[in-house]
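Subject: Structure handover and notes

Hi there,

Here is the structure I promised to pass on.

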Amino acid sequence: MKKVYALFGIIGPLIYILAVFIGGAIRHDYSTLYNAVSELTMANAPNKLLLDILFGIYNVFLLIFGLGAYLDFSINSKKYNSATIMLVIIGVLGLLVLIFTQDPRGGAATLHGTLHILLSGLTAALTIISVLLIGISLKKYSNIKGFSWFSYITAALIFISGGLGAASLANNGAYGGLFERITIFLFMIWVMSLSYIILKDKIKIV
C-alpha cells in the first residue's frame, strides 16, 4: 500500500526551492550570494505575502510528512520516532519564523528579530539531529544501508555549511546567502530522498 503522506515530503521541499528562486528572481535589489532567505520575508519586504504563503505551505507539508512518518507503525524504532517528531517541530518552527521576522542588517535589534534568530538556531540543531537519528535508525535495513551513509554525510555537510553561513551572515560576509542555501537545499534533498524510499516502501528487512 502506498504511503501517501510521503508525497508531502516530496512536494513540500519542491515548493520551498521554487519560492527561493522566485523570491530572488523578482527582486532587483536582492543577491542570492549575499542575502539570507529570511530577508525575502522581512517586514515590508516586496512580495512578502506570496512568499509567506509558499514557505507556509512547505512548513505545513513538512509537518504533515513528519506526523505521517511518526504514525507509520511499520517502522518500529525509538530513534526514528524521535526524529519524525523533530520534523514536525521543524515545520512548526518554520511557521513561527514567518511571524517573527528577521531584522534588517545593520538595524537595531527587535524582539521579533531576536526570536527569529533563536527559532532559526533551534531549527538548525533539530535538523542535524533528526537527519543523524534517522540515518542511525535505518542502518539495520540492508537494502537501504546507503541511505544511512547519505544521512551521515548530509548531517556533516549541513553542520559545516550552516556554520559558515551563520558566521558569514553575522559578519556581513559576501557569501552568507550562498552558504545558507547550500545548507537548506541539502536538507531538502535529504527529505525528498527519505520520502521517496518511504513512498516506494523500501524500508524493509531483506
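Which residues in α3 are buried? They are Tyr-80, Ala-83, Thr-84, Met-86, Leu-87, Val-88, Ile-90, Gly-91, Leu-93, Gly-94, Val-97 and Leu-98. Here buried means under 20% relative accessible area, exposed means over 50%, and partly exposed is in between (1.4 Å probe, protein chains only).

Before the rest, two words on the basis. This is a predicted model, in which local features need pLDDT of at least 70 and side-chain atom pairs count only at pLDDT 80 or more, while totals for chains, interfaces and linings use all residues. Residues are numbered from 1 along each chain as its sequence is written, and side-chain values use heavy atoms, with hydrogens and water left out.

**Helix α3 and its partners**

Helices are DSSP runs (H or I, at least four residues), numbered from the N terminus. The buried residues of α3 pack against α2, α4 (111–137) and α6 (176–199), where contact means heavy atoms within 4.5 Å. The length of α3 also checks out: its 22 residues should span 32 Å at 1.5 Å a residue, and the end C-alpha atoms are 32 Å apart, which agrees. The expected span is 1.5 Å times one less than the number of residues.

Leaving aside neighbours within four places in sequence, Asn-59 is in contact with Ile-90, Gly-91, Gly-94, Leu-95 and Leu-98. Asp-52 is also placed in α2 and counts as buried at 18%. With residues up to four places away not counted, Asp-52 touches Thr-41 and Leu-98.

**A nonpolar patch on the surface**

Leu-67, Tyr-70, Leu-71, Phe-73, Ile-85 and Ile-89 form a nonpolar surface patch with about 590 Å² of accessible area together. The elements giving two or more residues to this patch are α2 (48–71) and α3 (78–99), and α2 gives the most, with 3 residues. Patch residues have over 30% relative accessible area and no salt bridge, with nonpolar side chains (Val, Leu, Ile, Met, Phe, Trp, Tyr) joined within 5 Å; areas come from the Shrake-Rupley method with a 1.4 Å probe. Leu-71, in α2, is partly exposed at 47%.

**Salt bridges**

How many salt bridges does a search of the whole structure find? The search finds 4, taking a salt bridge as a side-chain nitrogen of Lys or Arg within 4 Å of a carboxyl oxygen of Asp or Glu. Among them:

- Asp-72 and Lys-3 meet at 3.0 Å, N to O. Asp-72 is in the loop between α2 and α3 and Lys-3 in the segment before α1 (5–25), 69 residues apart. Both are buried.
- Arg-105 and Glu-39 meet at 3.2 Å. Arg-105 lies in the loop between α3 and α4 and Glu-39 in the loop between α1 and α2, so the pair ties together parts 66 residues apart in sequence. Arg-105 is partly exposed at 27%, whereas Glu-39 is buried at 7%.
- Arg-27 and Asp-29 meet at 3.1 Å, with Arg-27 buried at 13% and Asp-29 exposed at 55%.

Best wishes

Definitions and conventions. Patches are made of residues with over 30% relative accessible area and no salt bridge: like charges are joined within 9 Å, nonpolar side chains (Val, Leu, Ile, Met, Phe, Trp, Tyr) within 5 Å.
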